[in-house]
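Colleague: Could you take me through this one? I have a few quick questions.

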Amino acid sequence: MFALKGYQQRAMDALAAFLSQAKQSSDVKQAYSDTLEAQELPATPYRDYQFGEVPYVCIRIPTGGGKTVLASHSIVTAGRDYLEVEFPVVLWLVPSTTIRQQTVEALKQNGHPYREKLDQAFNHQVLVLDIDEVFNIRPQDIGNKTVVVVSTRQNLTVNDTSGRKVYAYHENFEPHFSKISQSHPRYNQLETVSESDLKENGLTARELGKVKYSFANLLALHNPLVIIDEAHNARTKLTFDTLRRLHPAAIIEFTATPNESLDNGSNILFNVSAAELKAEEMIKLPIMLAEEPQGWKQAIGDAVANRNRLAIEAQKDTDYIRPIALLQAEAKNGTVTVDVLKSYLLDELKIEPEKIAVVTGKQRELDNINLFATDCPIEYIITIEALKEGWDCPFAYVFCSVKQVSSSTAAEQLLGRVLRMPYARRRVIEDLNRAYAHLATTSFAKAATELKDKLIAMGFEELDIAEYVRQYEGHDNHNDLFGEDGTPQPSIIKPTEVVVEVATMPELDKLNDDERAQLTATTTEEGTVVVKVRGEVSENLKKIIVKSAGKPANKKSIEQDLRIHNARIEVSRSPADRGETSGSLPQLCAFIQGELELVEREVLLDVNEWNLLDNLAKLPSFKVTESSNLWEIDVDGNKVTYSTADSVEHYDLNQSWLDVSQNDLVRWLDRELRQGDVPQGVLIKFINLIVSDLLSHPELTLTALVRNKFPLARAIRDLITRYRKKAQKVGYQQALFTTEARIEVSSDFVYSFNPAHYPARSPFYCGAYKFKKHYYGNNRIEDMKAALETFIPSASQTPGRLNLFKFENFNILLDYAHNPAGMRALQDFVNNLDATVKIGIIAGIGDRREEDNNEMGGIAAEMFDEIIIRQDKHLRGKTEEELIKMLNDGIKMKDPNKKVTIIPSEKEAITYAVKNAVKGALIILCSDVIPDALALVQKFKEQEAKGELVFTD
């Protein structure tokens, strides 16, 4: 089954956490705030746009990040964690007819990644419909199948609903409404038959004022989940009004460029950067941008040469890759039309006709062609705008536009077509990890600025552009692909420079000699001034250039260009850009059942043979909640009346019988709660025990549990999670801290740092401090200030690792430092802590060399004002006297006058230090049996709370 990438899974986790909290608390604003905080994102106010407690959030994924597959997964997440229905009704809104057709086709295709998750989650009971097919929905489909209807936004977004099929009366929908009574909570909010409906549908006057049998009303009855693709264009008052008319249960937006304005911005729940897509090997970066000042023929020629060069390189790769060039022609009223461009390829560049495909509104030469097939000859695709959306072919590597870039409204979408990475995996040949753009332009300043704007429109950020857009040029003869030795020539990266166009000549007299030497300024025939700057732009030089820009909008754009340029220089200086890497680091391993294993969560479960059935299968605090309203319908004279029933008239729905057995409920819970580390037989037995225990309570019936099966599933899932964490903690202690524990490092388990796999996430650090040794070189570092300032290693999360306990008059720091390297690391930390006196409690290690124990004593002499030597619980081959002497010898060699007290028992040593602690003291305890030490320290905390500890002043 298709597996989500790391950032995609985090997006779904964030959505699940938000929806689950919103469901349980009925406080959407707080759930939104808490979800942002959990991701360490800046606090942003939630705006409900008059939807009340209906969740309305946005997930930001740049172009190439897989928005559609996430939209599919979000149906499952929302159905499980918020809607709490087995088969939700979904309205999937897209921006155009082309994308609508492609989305429907993919969702209907068995085995497609978009459909696969839905089939797996809903037991293949999935009905996907185009908006034109909704009349085929049967009453029995709703509630027994997940119904997904795909439509363009334009089909629904209208002020006047008359004449629109979505809002029109249709007799096919009559069975859906035949059993709906006026007692329905949304009955009075549904659209009714009007005079215009009588004319359109041949209805009689008797139907006036009755509920209209329309698709829009059908949606409103069933609280649909609404998915909005490319949602940045769906933020108008009319859109909000339309959505409210449908009474959605939740709205989830997906876009690369969400609207972030104060008036109608989206509630961005999760944010992904282009760097994260690159790290997950989803897109080709950097983008190599070539200016083609000699016109469109040079642009096409260089693009062809570049594609041929990449085709040679692709033969060295392990997978079949046939690089494709995507060529953008001008419309028929332009100069370089599709026919002109194709003729140039055929007649001048001698490209075989079968290698060229034309895709326009009328010519569809790619229909029914598999571009991935090894026998497919196509290497060049000519289009105008037909491929600007919804078209994906990771073999597309080279984008070439013969248009002036500033006149191309679709360039960013066409460029996005060449960013997808073949097979979503980094290639061995570095040039195959890049995308290439050839732009026919007389001014690189315009080309670079336009490309910058288009990348930002695709979800890139300034630092992404600085890092991933590089200017380069091909070789003089684009037909000569090989050097003297017959090998393909790599692209040439040009020196770092920035070119901008300004309105007037900059005030050169206000620049110093170095700044003037950097700058070249010439006036064009049109009267504008082209300014070229080599190297880093100083604040003064930036000020002079921006001042000459003219209009405020131009100034803002130029300031951005100069910021990106300076950031690009920082990147080029960085260790990351130079390809420097760190050495391999040993990873913590332990012998588990006689085998050396990397210490990971899964391994920790195996240490104590994790078995879910070893835990109590009970939910003592589980309660059923009644959310249904009971309505009283009666006849008052000639009128039918309805009202909420009085409490005395309520009857208990949970006492009525449903045609379902306990086994049916258990099987359903089993499907909902599948766990990768729990065998299915064990899970079923565990669920059965819980259900049986719940049914032993007289106030709970099987019907009640069935009607509350979603909260029950959530409660069992949470219980299993708690038991798993408990087992991991026990395994952690057993693997690392028991008598039998054997901790080792091995060359078989080492970690090698790959910077490409660790992209920083927004928000980035923007403080005043300039990092001198930043690995990435452009201050592209996450703003971790708040997290670092509040971080205190806790005994519950990191037992034995820098656990600090604060008492009224002194502090205790507990750490598992048991070798010279650990002591040195502890020393670095302790040296930065303030204390009137630092007392160290240390012990020798029996299976270490004499010189190691001597060194530990010497480090202790440097760290502590006073030292207490105790003895480890396990001597490991040496006598107590030998170990004490080794430590003492090391202490005396470093400081003969150091105060040393010998107390062999760890418990007595800690007690002695606490009883004799002076105000402001810091006791540093190097322990080997962490649970015992933690228990003793906790006991002292309890004594202090009761006033039973006596301190020395």
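Modeller: Helices (H or I, at least four residues) and strands (E, at least two) are DSSP runs numbered from the N terminus. This is a predicted model, in which local features need pLDDT of at least 70 and side-chain atom pairs pLDDT 80 or more, while totals for chains, interfaces and linings use all residues. Residues are numbered from 1 along each chain as its sequence is written, and side-chain values use heavy atoms, without hydrogens and water.

Colleague: Which residues are buried in helix 12?

Modeller: In helix 12 (residues 338–348) they are Val338, Leu341, Tyr344 and Leu345, where buried means under 20% relative accessible area, exposed over 50% and partly exposed in between (1.4 Å probe, protein chains only). They lie on the same side of helix 12 because they cover an arc of only 135 degrees around the axis, taken from the directions from the helix axis to the C-beta atoms. Asp339 and Glu348, on the other side of helix 12, are exposed.

Colleague: And what is Leu345 in contact with?

Modeller: Leaving aside neighbours within four places in sequence, Leu345 is in contact (heavy atoms within 4.5 Å) with Ile300, Val304, Leu327, Lys350, Ile351, Ile356 and Ile382. Of these, Lys350 follows helix 12 and has a positive phi, near 60 degrees.

Colleague: Switching topic, where is Tyr320 found?

Modeller: Tyr320 is in the loop between helix 11 (296–314) and strand 9 (324–328), and counts as partly exposed because its relative accessibility is 30%.
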